[in-house]
Amino acid sequence: MQTPFYASGFLYSIKTHQILLIQSEQKWSTFGGESSEGEEALAAFQRIINEQLGLGLKSKNIYPIYDYHLDEKNKDNFVFYAEVKSGKNFDDYKGNTYTWVAFNEIS
C-alpha cells in the first residue's frame with residue numbers, strides 16, 4: 001500500500017512570467033492537496049489543479065521542482081509547476097480568490 005503524500009505547486013504563465021497564487025486563510029499560497037490511493041505525485045498535482053481551477057492541464061506541461069518530508073504532518077510533499085501560455089483570469093472561481101504575481105513581488 002502506498003503511503004499518502006501531499007502534492008503542491010503553482011501555474012507559471014510563459015507570456016507574463018508570473019505565477020498564480022490562491023488566497024487561503026488571509027494569506028497567499030500555492031495550490032496543494034492530498035494524494036488519492038494509488039496516485040502518482042505528478043498525477044495528484046494535475047488532478048488538484050484541474051479540480052481547483054477547472055483546467056484541462058496536460059501532464060506534459062507539469063515539471064517537478066523538489067520534494068521533501070513534512071515533519072509536522074509526517075508526509076512527503078512533492079512540489080511542481082505547470083506552464084500555461086497566458087495568464088487566464090480566475091477571479092473568484094469557485095468562491096476562491098486568485099492572483100497572478102511576478103517573482104520579484106514575492107516575499
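This is a predicted model: local features need pLDDT of at least 70, side-chain atom pairs count only at pLDDT 80 or more; totals for chains, interfaces and linings use all residues.
Two strands count as paired if DSSP finds at least two bridges between them.

Take a look at Y6: its bridge partner in β6 is N77, while in β4 the partner is E34. Over on the β2 side, S13 has Q18 as its bridge partner. The β1-β2 hairpin leaves 4 residues between the strands, and H17 there takes a positive phi near 60°.

Now for the charges. Side chains of opposite charge can pair when their charged atoms come close. The count here is 3 salt bridges. One of them joins E34 to K75, at 2.4 Å from N to O. E34 sits in β4 and K75 in β6, so this contact ties together parts that are 41 residues apart in sequence. E34 itself is partly exposed, at 34% relative accessible area.

E39, R47 and E51 form a linked network of salt bridges. R47 meets E39 at 2.8 Å, N to O, and E51 at 3.3 Å, N to O. R47 and E51 both belong to helix α1 (residues 41-53), 4 residues apart, which means about one helical turn separates them. As for cover, E39 is buried at 12% relative accessibility, whereas R47 is partly exposed at 22% and E51 is partly exposed at 44%.

Technical notes: Residues are numbered from 1 along each chain as its sequence is written. Side-chain values use heavy atoms; hydrogens and water are left out. Helices (H or I, at least four residues) and strands (E, at least two) are DSSP runs, numbered from the N terminus. A salt bridge is a side-chain nitrogen of Lys or Arg within 4 Å of a carboxyl oxygen of Asp or Glu. Buried means under 20% relative accessible area, exposed over 50%, partly exposed in between (1.4 Å probe, protein chains only).
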